[in-house]
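User: I would like to learn how local features of a model are read. Please give the general idea of each feature and then the case at hand.

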Amino acid sequence: MPDFKFSLPPITSLYPDQHLAYHPRQSMLVTGGPGSGKTVVTIFRFLRPVRENKDILLFTFNRTLIYSIRGTLRDRAEELFGTLNEEQIEKIVETKLATFYQWHVDNVCYFNPQVTEDVCRVNFQNYISNKRGNIKIAELFFDEGQDLPRSVYANVFKLATSVSVGADKDQNFKGFYPSDNVEDIILEKLNNQSPSKWQYLSGNHRNTKEICELAKKFVPDNLVLQGKSCNGLRSGNTPEIELGFNTTKQLEYILRIITQNPNSNIGILVHFKNKVIELKEYLEKQGYSCAANAASDKSFSYYYNKMNPVDEKVMMKKLKTPFITTYDSCKGLEFDIVIMPFFEQSNWAMTNTNDEGRYWATRNHYYVAVTRARNDIFILCEDKPNVLNFYNPPQSNQIKNSNYVSPAKDFLSDDLPF
């Protein structure tokens, strides 16, 4: 199966609003919906001072996004890094990109998102004073910035001279901000310390019209998203929602999609760690492997928090698809095909809380998951959960024959069944 890498277009292909977010050298808040190019802009803003040999860091919340970005930077090193040599490039890839939480543990202390702004400020000041001789980081970049609390942004200029933040209020899973005020609060915290520009990216350069329309069905109360039209997007395959599939049938169907799409990046998204493990073990029984020496046509990767460290080390070097992970860990990623199996679990996930007191899943989780897909989306479940009440299956809803490559293409009528 192909290596999974972050999809980074040539810088010459940036859209006008992306250029407006890229070119200014001042501190920036870049916002926009899925597929608008927030991460693309962040990476190019990061690469500019890299080529100037400046002292920089790029943070994300999810490890999976860091691993995929590293893969892209390594794969396109000659194009992206200018005159830097191989040793310099590898040092940048390994040491200048990190999750904020891991960096904080390694360099400051365990990060408690509930600490006050005063405590956060002291921690940042101590780091700069004790470990950097009072020399600030030249430029600091945050992707998926809505996943960090306001205490970070209230003090971030204690760490760096210039700061760039990419954020999306509709991906505010952690609940650190009121849902409608994410961008306003972050920008206020930045501007209280140093003048910062705000650029909104309005486009969706990832999804088809059909995928966009399905994603909106998961968030009916979001009036802003409901007011956005999907008509300007490219047309594509009809999303496939399968009901009445028991576990065995779902696993067999997933395998069928994988085998019929050997050159596609495939994301398999689930609610819980135990389902990641179940899928991993099933693929291994079918001859697939996540080992470093796995055959290219039988390889895959998976991720969950505190996973097997041997497998995670392999994934850090080479992220493969199919890629199995949870809804919490898929933000920032994109796939040609997204599969959402065991979706009957959404009833439980949306009504029970985790150790942090948050629901295991919300409607926004599913909105984000669906928008990871470029071309095809498959939702598989045994029983129809409440969140799919908008879906009315056509009478012809059944598994198709096995001689197709793009599984959703000829499945339903041209009219969406919702």
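**Charges, rings and bonds**

Analyst: The ring of Tyr22 has the charged end of Arg48 over it, 4.4 Å from the ring centre. Here "over" requires NZ of Lys or CZ of Arg within 6 Å of the ring centre and within 35 degrees of the ring normal. The charged end of Lys331 likewise sits over the ring of Phe173, 4.4 Å from its centre. This is a predicted model, in which local features need pLDDT of at least 70 and side-chain atom pairs count only at pLDDT 80 or more, while totals for chains, interfaces and linings use all residues. Residues are numbered from 1 along each chain as its sequence is written, and side-chain values use heavy atoms, with hydrogens and water left out.

User: How many aromatic pairs does the structure hold?

Analyst: A pair of aromatic rings is described by the distance of the centres and the angle of the planes. Rings of Phe, Tyr and Trp (its six-membered ring) pair if their centres lie within 6.5 Å; planes under 30 degrees apart are stacked, over 60 edge-to-face, and the rest tilted. The structure holds 23 such pairs. Phe59 and Phe142 form a tilted one, at 5.5 Å between centres and 50 degrees between planes. This pair links distant parts of the chain, 83 residues apart: Phe59 is in strand β2 (residues 56-60) and Phe142 in strand β4 (residues 137-142). Helices (H or I, at least four residues) and strands (E, at least two) are DSSP runs numbered from the N terminus.

User: Are the planes of Phe343 and Tyr366 stacked or edge-to-face?

Analyst: Their planes stand at 70 degrees with centres 4.8 Å apart, so the pair is edge-to-face. Phe343 lies in the loop between β11 (335-340) and α15 (346-349), and Tyr366 in helix α16 (residues 363-370), 23 residues apart. Both Phe343 and Tyr366 are buried.

User: Which cysteines does a disulfide join?

Analyst: A disulfide is a covalent bond between the sulfur atoms of two cysteines. With the criterion of a sulfur pair within 2.5 Å, the count is 1 disulfide. Cys212 and Cys230 are joined, with S to S at 2.0 Å. The torsion about their S-S bond is about -60 degrees, so the disulfide is left-handed. Since Cys212 lies in helix α10 (residues 209-217) and Cys230 in the loop between α11 (223-226) and β7 (240-242), the pair ties together parts that are 18 residues apart in sequence. Cys212 is buried at 13% relative accessible area, and Cys230 is buried at 3%. Cys109 is in no disulfide; its nearest cysteine sulfur, that of Cys120, is 9.0 Å away. Cys109 is partly exposed, at 29%.

User: Where does the backbone show a positive phi or a cis peptide bond?

Analyst: Most residues other than glycine have a negative phi, and most peptide bonds are trans. Asn53, although not a glycine, has a positive phi of about 60 degrees; it lies in the loop between α2 (38-51) and β2 and is exposed at 59% relative accessibility. Glu144, also not a glycine, has a positive phi of about 55 degrees. Glu144 is in the loop between β4 and α8 (150-153) and counts as buried at 7%. A cis peptide bond, with omega about 0 degrees, joins Thr321 and Pro322, and Pro322 is in the loop between α14 and β10 (323-326).

Key. Buried < 20%, exposed > 50% of the residue type's maximum accessible area, 1.4 Å probe, protein only.
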